[in-house]
Amino acid sequence: MPTALITGITGQDGSYLTEQLLAQGYTVHGLVRRTSNTVRSRLDPLFHNKDVYNKSLFLHYADLDDTTTIRRILVKTQPDELYHLAGQSHVGASFDIPESTCQFTGMGTLKILEILRDLEKQPRFLHISSSEIFGRPDESPQNERTPMRPVTPYGVAKTFATQMVQLYRESFGLFACNAICYNHESPRRGESFVTRKITKAAAEISLGLSDEIVLGSLDGRRDWGSAPEYTTAMHLMLQQDTPDDYVLATGQTHSVEEFLDAAFQSVGLDYKDHLKQNPKYMRPAEVTRLVGDPTHAEKQLGWTPATTALDLAKQMTAADVESLKQLATSN
Ligand code: GDR
């Protein structure tokens, strides 16, 4: 059975992809950062499953700049597929920490490509790129041929990484693909991203645990899809005969305000009674009209996004209500 290596295995996408690959019989290796915090809540059910952990799922310590360690792990594990999902993924934070964003998201990707170039057995490689590479595009919706015009440090770093993946595919013959992902969400989304911040607040307020939510601008529009659907497409990309780039998107946009309204309404609340806004959450530059055209993925991979942003608002709020209730009964 095939072997996969995943960077960013503890993240939202890494955890869904791990579950999907294990269910298909893969052996999965994951790179994890060595920190004093060993909480890996998204992987907990697998980590504590004695039939899985250290049988078909293995974790290895390495930071993205530990080139020697990553090379050693690649040589030892000999993966058939490498999913590179790790990096500094918060667009707003990239304005505060541009250097480390470029170091991990940009140079971290190049370092892995350089290692792959020298390997005898080269795994198929997937890099998680982002709609942020399009920045303020002239055309809408965007597709794989839309020019990259990033407007955030994160977008610039992702553009560098995306173009390096293309260069290594074309110049060195690597089987390397970019998954150009628009926003994708789930109950496992990190709490600093706007969707999860909203659904967690809606759940807390509905249970009387809090009374307000503090956000930045509500005007931004996003093409929000479902994270496990996007990781399914990532796997399909590496099963094709030839490597390519694919936009993963729903083709629909909603404003932050619409998502907020849907989440609060799903638990019988009016967000206007609870909203505060703080410039601290506003960004020096915003992408305004990002919407993806997933036609290439639909035609080539047979992949269709099914979950809408408003479905996600309801599902994620319900999941947050449920986990807060469970927390209350376990305390
Ligand atoms: P984004 O997602 O920047 O699109 O990047 P995020 O959820 O952070 O922001 C979406 C929109 O919400 C507005 N906003 C706020 N955002 C946050 N985080 N916190 C707030 O309090 C807040 N208030 C309003 C933002 O200004 C923005 O308009 C995500 C990440 O997953 C990237 O890694 C990925 O590449 C892209 O999606 C595609």
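This is a predicted model: local features need pLDDT of at least 70, side-chain atom pairs count only at pLDDT 80 or more; totals for chains, interfaces and linings use all residues.

Modeller: The side of domain 1 that touches domain 2 is made up of six nonpolar, eight polar and three charged residues.

As for the bounds, the domain assignment gives domain 1 as 3-185 + 226-248, and domain 2 as 194-221 + 253-290 + 308-330. Their C-alpha centres are 27 Å apart. In terms of contacts, 17 residues of domain 1 meet ten residues of domain 2. The two domains bury about 1100 Å² between them, and 62% of this area is on carbon and sulfur atoms. On the domain 1 side, F95, R136 and E185 supply 41% of the area buried against domain 2, more than any other three residues.

Aromatic pairs are a separate matter, counted over the whole structure: the search finds five. In one of them, the ring centres of F47 and Y53 lie 4.5 Å apart with the planes at 50°, so the pair counts as tilted; stacked would need planes under 30 degrees apart, and edge-to-face over 60. F47 has 30% relative accessibility and therefore counts as partly exposed. Y53 is also partly exposed, because its relative accessible area is 22% and buried would require under 20%.

Technical notes
Residues are numbered from 1 along each chain as its sequence is written. Side-chain values use heavy atoms; hydrogens and water are left out. Domain bounds come from an automatic or database domain assignment. Contact means heavy atoms within 4.5 Å. Buried area is the accessible area (1.4 Å probe) that two parts lose on being put together, summed over both. Ala, Val, Leu, Ile, Met, Phe, Trp, Tyr, Cys and Pro count as nonpolar, Asp, Glu, Lys and Arg as charged, and the others, Gly among them, as polar. Rings of Phe, Tyr and Trp (its six-membered ring) pair if their centres lie within 6.5 Å; planes under 30 degrees apart count as stacked, over 60 as edge-to-face and the rest as tilted. Buried means under 20% relative accessible area, exposed over 50%, partly exposed in between (1.4 Å probe, protein chains only).
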